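Dear colleague,

My notes on what was found in it follow directly after.

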Amino acid sequence: MTTLTKQQQDPAAPVRRPKAAKPDRKSFIHRLGDLKVALFFIFPAMIGFVVFYLIPTIRGVYLSFTEYSILGEPTWIGIKNYTAMLGDELFWNAMAVTVQYVGLNIGFQTVIALGLALLMHRVAKSTFIRGALLLPFLVANVIVALLWFWMLDYQLGIVNEVISWMGLPRIAFFGSEQWAIPTIAAVNVWRHMGYTALLIFAGLQSIPNHVYEVASLDGSSPTRTFWSITMPLLRPVMVLVLVVTVIGSFQVFDTVAVTTAGGPINASRVIQMYIYQKAFGESDFGYASALSVILFVILALVAFVQMKFLKGNESDLD
Amino acid sequence: MKKSIGAIAAAAAIAVSLSACGGSAPASTEAKGEINYWLWDANQLPAYQKCADDFTKANPDIKVKITQRGWDDYWTTLTNGFVAGTAPDVFTDHLAKYPEFASKKQLLSLDDAVKNDKLDLDIYNKGLADLWVAEDGKRYGLPKDWDTVAMFYNKKLVKDAGYTEEQLKNLDWNPQDGGSYEKAIAHLTVDKKGKRGDEAGFDKNNVAVYGLGLEDGSAGMGQTQWSFLTATTGWTHTDKNPWGKEFNYDDPKFQETIAWWTGLVEKGYMPKLETTVGTEIQDSFGAGKAAINTSGSWMIGQYTSYKGVETGIAPTPKGPNGKRASMFNGLADSIWAGTKNPAASVKWVEYLASAECQDVVASKGVVFPAITTSSEKAAEAFKAKGTDVSAFTTHVKEGTTFMFPIADKAAKVEGIMKPAMDAVVSGKKPASSLSEANEKVNALFK
């Protein structure tokens with residue numbers, strides 16, 4: 001109950017932003033002084049941004065118009081890489097596979113994480129349990145992938161041993177075309193659901209309790225309260241979570257790279273895997289850069305659409 | 001603030017110019033200093049460390065630092081090293097990789113060394129030295145070892161099936177009915193109820209032991225999977241070797257062989273492709289789940305090390321031409337064009353390619369050195385360990401090897417052939433679908 005009283009004393013403190021700061025009447029010179037200090041603090045991050053993001057991005061865009069094998073100099077070939085992409089079956093296959101993965105991954109992950117967050121909020125108040133939910137996220141991606149790869153192995157994996165004890169046919173989780181993407185999606189849902197739940201949980205805690213009290217006074221059923229109060233008030237957090245997880249999900253690579261490497265046939269050749277294959281496997285850095293630029297554009301669009309239509313930057317509490 | 005930012009910038013500039021100095025140091029013409037050497041096979045590290053120690057004893061001015069990196073990281077790290085200027089002076093090179101390095105001017109030609117130091121290239125097993133002459137006519141490597149392909153079999157399972165090892169060593173094959181090779185594979189396959197693959201009532205969906213193990217979809221080389229079969233039909237990967245410009249995956253002879261091979265899956269004699277993702281083929285063999293595996297000589301150590309499994313080695317079957325066949329692959333040591341120490345590097349490569357070092361490698365019994373006399377010593381070292389490797393050496397003795405297909409754009413060819421072969425092996429597409437893949441492959445060379 002401590003959390004409850006605390007929230008009552010300080011309703012919605014984390015959510016309600018301070019009223020937009022009105023322009024101060026401080027002197028111009030004073031503000032110029034602020035600028036200097038601000039620059040000083042921004043500078044280190046700025047170096048990192050310019051060196052590790054801005055310059056590589058610009059160079060990547062440039063390379064996407066070239067033929068470049070990393071050894072030797074890039075040759076300018078105009079939009080040839082982009083026109084080649086249109087007729088590249090593997091590119092379209094990679095897009096389809098990636099979208100399938102994102103759909104499965106985000107769909108299950110969000111629903112499960114929301115459920116876990118509600119449980120954390122209402123039922124599991126112990127810090128231990130809340131912490132335990134986060135554990136899978138603390139294990140490195142590649143290790144998670146390899147652990148599941150072994151556990152789900154067709155011949156020697158423990159999961160298939162159990163399945164076969166039960167008298168059921170073994171399943172080639174990573175080996176069959178039907179199972180590869182759902183399996184990879186499930187592994188990543190397992191790893192990320194605790195972390196996503198934590199983000200949503202933080203959002204739940206920011207919903208002021210008095211709203212719920214009013215709802216219960218009005219005799220609202222728990223289901224009704226969930227759909228009419230929790231979900232709408234959780235929207236900004238959900239949008240943030242979705243934007244971040246969808247972008248992350250589109251970039252799935254490590255799990256695929258250490259398990260199926262894109263196979264069987266092309267069933268799990270997600271776009272990042274294809275980019276990696278083109279660049280580091282086949283030394284076609286120009287084409288790989290073009291693929292990356294397209295992925296960048298797609299992700300920017302997805303994030304924009306999500307922010308725009310889900311109104312992620314405004315809250316119903318204001 | 002400006003002052004300190006300026007100071008940082010100045011410091012950075014100094015650092016940059018310092019490292020630039022390091023980068024442009026003139027190449028030393030004297031054979032001394034430290035050489036970096038890379039290899040990927042951990043099993044061979046002790047042998048080469050011994051070579052390096054001996055080398056430094058004879059040439060006290062030159063130190064060799066050996067780095068071993070696993071195959072999966074080896075090539076990307078190496079390529080990145082070429083670009084970043086951190087590549088090793090000397091490294092173990094592969095036939096599938098060196099054509100691109102050579103055409104991108106990353107390798108030092110060894111022609112002068114061969115001429116000036118009067119190296120005798122006839123000491124190596126026939127053909128190995130010529131594999132390293134690139135399309136431009138220059139030599140980019142000196143041979144270090146070679147490998148061929150054979151059948152590893154589980155002695156107990158073979159005996160249980162009533163086969164003698166002698167029979168297994170004298171199998172024949174043809175693409176129509178598979179010959180005695182398929183008969184043996186069928187008979188060695190056992191389902192969960194104990195019925196053999198060639199008996200009535202065999203349940204192909206519940207197989208306990210497969211007659212033949214499956215590694216993967218094999219992609220375009222098929223080195224250990226089918227190349228020893230296709231070669232006996234007269235088929236070759238490319239129009240000419242080395243430096244072929246046209247691949248022959250649309251040849252009916254090839255497709256017939258592949259159809260026969262993948263048909264083993266349908267018959268239940270070989271595991272399905274989807275079951276091979278994960279557990280390595282050799283580990284399934286070690287677990288007693290396959291009676292025969294076809295693999296290369298570099299795997300001898302692995303296959304003979306499983307506890308509780310007695311492994312025998314038989315030569316690959318004779319084909320329609322009445323002969324056996326095996327792909328002949330050879331590794332070499334190459335020098336990076338960006339080395340700061342070319343003289344010392346050449347000296348080290350010459351030492352690696354000499355009988356002194358290759359005899360040391362031979363004595364460890366892990367791989368067959370390129371020099372004819374050294375590989376005979378290696379066979380003896382294997383024998384001393386209790387392994388009869390004649391199944392591998394017979395190809396060299398009887399001249400039934402064919403050269404590893406060397407072509408430009410090998411990575412791109414594999415990029416096309418891997419999914420195409422996967423589709424055929426998994427039974428999703430017929431072998432005739434490889435004609436379409438072949439068109440894509442050949443388009444790379446136009």
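In this predicted model, helix α8 (residues 177–205) of chain A packs on helix α10 (residues 222–250) of chain A, their axes coming within 8 Å and crossing at roughly 160°. Because an angle over 145 degrees counts as roughly antiparallel, α8(A) is roughly antiparallel to α10(A). The crossing of these two helices is right-handed. On the α8(A) side the residues involved are A:T196, A:L199, A:I200, A:G203 and A:L204, and they meet A:L234, A:V237, A:V241 and A:T245 of α10(A). By class, this contact comprises 6 nonpolar and 3 polar residues, with no charged ones.

Helix α10 of chain A also holds A:S228. This serine is partly exposed, as 13 other C-beta atoms lie within 10 Å. Its C-alpha atom is separated by 9.5 Å from that of A:A215, a residue 13 positions away along the chain.

As to chain A as a whole, it has 13 helices and 2 strands. Of its 318 residues, 31% are buried. Among contacts in chain A with a separation of 6 or more, 71% are between residues 24 or more positions apart.

Two backbone features of chain A deserve a look. Most residues other than glycine have a negative phi, and most peptide bonds are trans. A:I265, in the loop between α11 (254–258) and α12 of chain A, has a positive phi near 50°. With 23 C-beta neighbours inside 10 Å, A:I265 counts as buried. A:S283 lies in the loop between α12 and α13 (285–309) of chain A, and its phi is likewise positive, at about 55°. A:S283 is buried too, having 20 other C-beta atoms within 10 Å.

Turning to the interface, 25 residues of chain A are in contact with 25 residues of chain B. On the chain A side, the elements giving two or more residues are α2 (28–63) and α12 (271–281). The largest share, 3 residues, comes from α12(A).

Leaving aside residues up to four places away in sequence, B:C51 touches B:Y351, B:L352, B:C357 and B:V360.

B:C357 and B:V360 are also among the buried residues of helix α14 (residues 355–364) of chain B; the others are B:Q358, B:V361 and B:A362. Together, the buried residues of α14(B) pack against α2 (45–58), α13 (342–352), β11 (368–369) and α15 (372–384) of chain B. Just after α14(B), B:G365 takes a positive phi of about 60°.

Finally, chain B contains a cis peptide bond, which joins B:N241 and B:P242 with omega about 0°. B:P242 is placed in the loop between α9 (227–230) and α10 (252–267) of chain B.

With kind regards

Terms used:
Residues numbered from 1 in each chain as written. Chains lettered and ligands numbered in written order. Predicted model: local features only at pLDDT ≥ 70, side-chain atom pairs only at ≥ 80, totals over all residues. Contact = placed C-beta atoms within 7 Å. Helix = DSSP H or I, 4+ residues; strand = E, 2+ residues; numbered from the N terminus. Axes fitted to C-alpha atoms, helices over the stretch in contact; angles between N-to-C directions. Parallel < 35°, antiparallel > 145°, perpendicular 65-115°, else oblique. Left-handed = near helix turned anticlockwise from the far one by under 90°. Nonpolar A, V, L, I, M, F, W, Y, C, P; charged D, E, K, R; others polar. Buried ≥ 20, exposed ≤ 12 C-beta atoms within 10 Å, placed from the backbone.
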